[in-house]
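Here is a short report for a reader meeting this structure for the first time. Please look over the sequence and the model before reading on.

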Amino acid sequence: MSWQTYIDDHLMCDIDGQHLTAAAIVGHDGSVWAQSDSFPQFKPEEINGIMNDFNEPGYLAPTGLYLGGTKYMVIQGEPGAVIRGKKGSGGITIKKTGQALIFGIYDEPLTPGQCNMIVERLGDYLIEQGMSAGSSWIFGYLLKWSFGAPTPALNITSSITKENRKPEKEEEEEESKMSWQTYVDDHLMCDLEGQHLASAAILGHDGSVWAQSASFPQLKPEEVTAIMNDFAEPGSLAPTGLFLGSTKYMVIQGEPGAVIRGKKGSGGVTIKKTGQALIFGVYEEPLTPGQCNMVVERLGDYLVDQGF
């Protein structure tokens, strides 16, 4: 599979009739591996500035991020891993892998979250693959998740709407429960080359279970409280570890305030926080951390964009 295919079929993919304004995959030395027709011609010093910021987070903050002479205000990213910039109603996301920089540029009506999702998930996948192309599961998975595809839980006309977040009638409660269970069964527990997560769940911030797989552990109230505290005060779980149903995970690098990741032996856990919910994914080998991250965080990003 060529690098241009990653641009054409993934970075520039259709999202509800919209797509990124421009995208590219560039080597750390500034060599262009592949790009969209609309990607700006950048200067060597602009790539140097970007690489300096990855090596020394905050380097670009005083001057701004420049690409093709266009200046972006640097906003919160992930130090050493993701740089994000804003300009008017649009912006840019840059994900660093072991050998490449993945660029995505967007303008309204595309949202920052959609741009982040597209760019960062491809970057995470390439990191897991050691920058090698050729695995087919990601494209089948992303196709399943395509906005507008006939997948009940990700269609904009899904039965989960803002109006039934807190339904008052019993029948509405049952419909909402069934809808959330669809997210778990059809997406979090989806097939990935014959494998799937060990368990998954969607919980409210108060610890109430919205939906879960049969194998998801029963959480203690204090475990959910500790998780919420770590989202509010990143790093609070580091000294004690993350506990799920009394199983302890070592906390590893996540995204402060947004994603907590844990490791235990050959497996681990990813927890994505949305405005109202916590999305849990627990995995074991041969599933990889990157696959778990992609499944959990992609659903979380989608729900955030939908107001959940």
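The report covers confidence, then the sheet, then the helices.

## Confidence

This is a predicted model. Its chain averages a pLDDT of 83. Of the residues, 84% score at least 70.

One stretch needs care. Over residues 132-178, pLDDT stays under 50. For this stretch the model has 81 contacts beyond four places in sequence. Where pLDDT is low, the predicted coordinates should not be read in detail.

## The sheet

Seven strands form an open sheet. Their order is β2-β1-β7-β6-β5-β4-β3, and the pairing is antiparallel. Which strands stand at the edges? They are β2 (32-35) and β3 (65-67). Each has a single partner strand, so one side of each is left without a neighbour in the sheet. From one strand to the next, the twist averages 25 degrees.

Look at one pair in detail. Strand β6 (residues 90-96) pairs with strand β7 (residues 100-106) over six bridges, in the antiparallel sense. I94 stands opposite F103 in β7.

## Helices on the sheet

Helix α2 (residues 44-55) lies across β3, β5 (82-87), β6 and β7. Its run makes about 105 degrees with β7.

Helix α3 also packs on the sheet. It touches β4 (70-78), β5, β6 and β7. The direction of α3 makes about 15 degrees with that of β6.

## Helix α3 and helix α7

Two packed helices are described by the angle between their axes and the distance between the axes. Take α3 (residues 112-128) and α7 (residues 289-305): their axes come within 10 Å and cross at roughly 180 degrees. That makes α3 roughly antiparallel to α7.

Which residues make the contact? From α3 come G113, Q114, M117, R121, Y125 and E128. From α7 come P289, G290, M294, E297, R298, D301 and D305. By class, the contact of α3 with α7 has four nonpolar, three polar and six charged residues.

## Helix α1 and helix α3

Helix α1 (residues 3-11) also meets α3: the two axes come within 11 Å and cross at roughly 140 degrees. The two helices, α1 and α3, are therefore oblique to each other. Their crossing is right-handed.

On the α1 side, the contact is made by W3, Y6, H10 and L11. On the α3 side, I118, V119, L122, Y125 and L126 take part. How many charged residues does the contact of α1 with α3 have? It has no charged residues, with eight nonpolar and one polar.

Methods
Residues numbered from 1 in each chain as written. Predicted model: local features only at pLDDT ≥ 70, side-chain atom pairs only at ≥ 80, totals over all residues. Heavy atoms only, no water. Axes fitted to C-alpha atoms, helices over the stretch in contact; angles between N-to-C directions. Helix = DSSP H or I, 4+ residues; strand = E, 2+ residues; numbered from the N terminus. Parallel < 35°, antiparallel > 145°, perpendicular 65-115°, else oblique. Contact = heavy atoms within 4.5 Å. Nonpolar A, V, L, I, M, F, W, Y, C, P; charged D, E, K, R; others polar. Left-handed = near helix turned anticlockwise from the far one by under 90°. pLDDT = per-residue confidence, 0-100. Pairing = 2+ DSSP bridges.
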